Amino acid sequence: MGNAIERLADSKFMKNLQKMSMKLTKNEIFATISSGMGATMGLIMIGAVIQVICALGSLIFKWDTSSPSYAAFYMPYKLTMGLLGFFMCFSMAYNYAKRKKRNPMQAGFTAIVCYILVVSPVVSASVDGGATFFDALNLGNLGTGGMFVALIIGLCSVAISEFAIRHNWLIKLPDVVPEGIANSFNAIIPTGINIVVWYGLSILIAAISQGSLTLASLITKLLGIPIGYLTSAPGMFIIIILCQFFWFFGIHGTGVIFNAILIPYVTAYSTNSALAAAGQPLQWSPLFIFGALSIMGGTGNTLPLCVMGLKSKSKRISAVSKAALGPGIFNINEPAIFGFPIMYNSLMLIPFILCPLVVAALMLIAYSLGLMAYPQVLIMTTLPVVFSTFMSSLDWRNCVFAILMFPVCYLVYLPFFKVYEKQCIEQEAAEEAAQ
């Protein structure tokens, strides 16, 4: 099997896959999605902190969720996570226009105007007392539920503006006109075309479907078909295998694969956070199994591997383990992947894939039996093991599960580690003898 994997690693297919991965990471669209999502991380973390404080306050101090003080303190969450689609649309357009060397602010404003027209057009609304407002926005449509649409409008609105600019569809002003005013006039036609395209499509689809569909709901339905298969329970196991397999060949599997499930992943967490705030039962999503990848020391759960390597008789393994232990505690495992190495190591590939699959299976059973709480806090940063599990669920049972996964992962890695350690010791002895 080892020879077969080595041949696959050196095959033309894998070399082309690596080249494709490099091109993908440098691609304008892929890079824009990554940087655009990254720009919203601050908002996500602020929302997460507010949610944790509110949840702990309700759990420990019996803070009444219907009280004015709770509602006031929870408001920043509603204006961060609750408007995440709105902010993401601006961020995507801003970053994409910047790459195109166009006016990023103008692109961002154009995108969010189109986004609002498509997802949450202005409507009339009544309030207590009978008063009616004719210029109201439904903020509930601008959150995580509209992230698919935000992504598409953010990117495509810039592409439409770029098309108009390249074809010189601009209002030209004399050179004596200040640059700021000239730029504003230059944006009139591209912005107008975007509004006509997006709002026109929205009206047309609503008319054809007799009001049963909007452009936003149509986009969500169409994209939801392949995503639905991908984010099912069997699909999550396939995703885990792909993540690990890509890492083995030097491709950042988590980064590549996670982008495919990013929006439904965020949506699943934000849905539960809203339910928790309302005091309602949380919902299950197969996407929660994705946490099995890095519950104990980064992708592949390599912290037990680092621990068992601390007392290894192999100088190489011992040195790598000491260097990788600290980062591993914080779920950062690149030192282990590249140091042992696990990458291109056909022997260590087996436990590297097997370990998160075993954890995922046990996690699925635990969720099914009610032994674990469903996650509700979206944590998009590296935190220490166990602590990160608690922060996402705010439940001690999940911490117990994470702790129990250490011996499980240890046992999965152990037999393969022993064989690899023996190989390293023999190799080191041969090198010392040759000197």
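Is Cys 409 buried or exposed? At 0% relative accessibility Cys 409 counts as buried, where buried means under 20% relative accessible area, exposed over 50% and partly exposed in between, with a 1.4 Å probe and protein chains only. The points below set this residue beside other features of the chain.

1. Basis of the note. This is a predicted model, in which local features need pLDDT of at least 70 and side-chain atom pairs count only at pLDDT 80 or more, while totals for chains, interfaces and linings use all residues. Residues are numbered from 1 along each chain as its sequence is written, and side-chain values use heavy atoms, with hydrogens and water left out.

2. Overall make-up. The chain holds 19 helices and two strands, these being DSSP runs numbered from the N terminus (helices H or I with at least four residues, strands E with at least two). Of the 435 residues in the chain, 45% are buried. Among contacts in the chain with a separation of 6 or more, 71% join residues 24 or more positions apart, a contact being heavy atoms within 4.5 Å.

3. Cysteines. A disulfide is a covalent bond between the sulfur atoms of two cysteines. It is counted here as a pair of cysteine sulfur atoms within 2.5 Å, and by this rule the count is zero. For Cys 409 the closest cysteine sulfur belongs to Cys 355 and lies 3.1 Å away, which is too far for a bond. For Cys 114 the closest cysteine sulfur is that of Cys 89, at 7.9 Å, and this too is too far for a bond. Cys 114, with 0% relative accessibility, counts as buried.

4. Helix 8 against helix 10. The axes of helix 8 (residues 147–166) and helix 10 (residues 188–208) come within 9 Å and cross at roughly 130°; axes are lines fitted to C-alpha atoms, for helices over the stretch in contact, and angles run from 0 to 180 degrees between N-to-C directions. The two helices are therefore oblique to each other, since angles under 35 degrees count as roughly parallel, over 145 as roughly antiparallel, 65 to 115 as roughly perpendicular and the rest as oblique. Helix 8 contributes Ile 152, Ile 153, Cys 156, Ser 157, Ile 160, Ser 161, Ala 164 and Ile 165 to the contact, and helix 10 contributes Pro 190, Ile 193, Asn 194, Val 197 and Trp 198. By class these residues divide into 10 nonpolar, three polar and no charged, where Ala, Val, Leu, Ile, Met, Phe, Trp, Tyr, Cys and Pro count as nonpolar, Asp, Glu, Lys and Arg as charged, and the others, Gly among them, as polar.

5. Helix 9 against helix 10. Helix 9 (residues 179–186) packs with helix 10 at an angle of about 30°, with the axes 4 Å apart, and the pair is therefore roughly parallel. Ser 184, Phe 185 and Asn 186 of helix 9 meet Ile 188, Ile 189 and Pro 190 of helix 10, and this contact has four nonpolar, two polar and no charged residues.

6. Ile 257. This residue is found in helix 13 (residues 253–277) and counts as buried at 11% relative accessibility. Not counting residues up to four places away in sequence, Ile 257 touches Ile 239, Leu 242, Cys 243 and Phe 246. The C-alpha atoms of Ile 257 and Ile 240, which are 17 residues apart along the chain, are separated by 8.9 Å.

7. Ser 388 has its place in helix 18 (residues 387–393) and is buried, with a relative accessible area of 18%. Leaving aside neighbours within four places in sequence, Ser 388 is in contact with Asn 331 and Leu 383. Val 386 sits in the loop between helix 17 and helix 18, where it has a positive phi of about 70° although it is not a glycine. With a relative accessible area of 22%, Val 386 is partly exposed.

8. Further backbone points in loops. Asn 301, in the loop between helix 13 and helix 14 (303–309), has phi near 55°, a positive value in a residue other than glycine. Asn 301 is buried, with a relative accessible area of 0%. The peptide bond from Phe 340 to Pro 341 is cis, with omega near -10°, and Pro 341 lies in the loop between helix 16 (334–339) and helix 17 (346–368).
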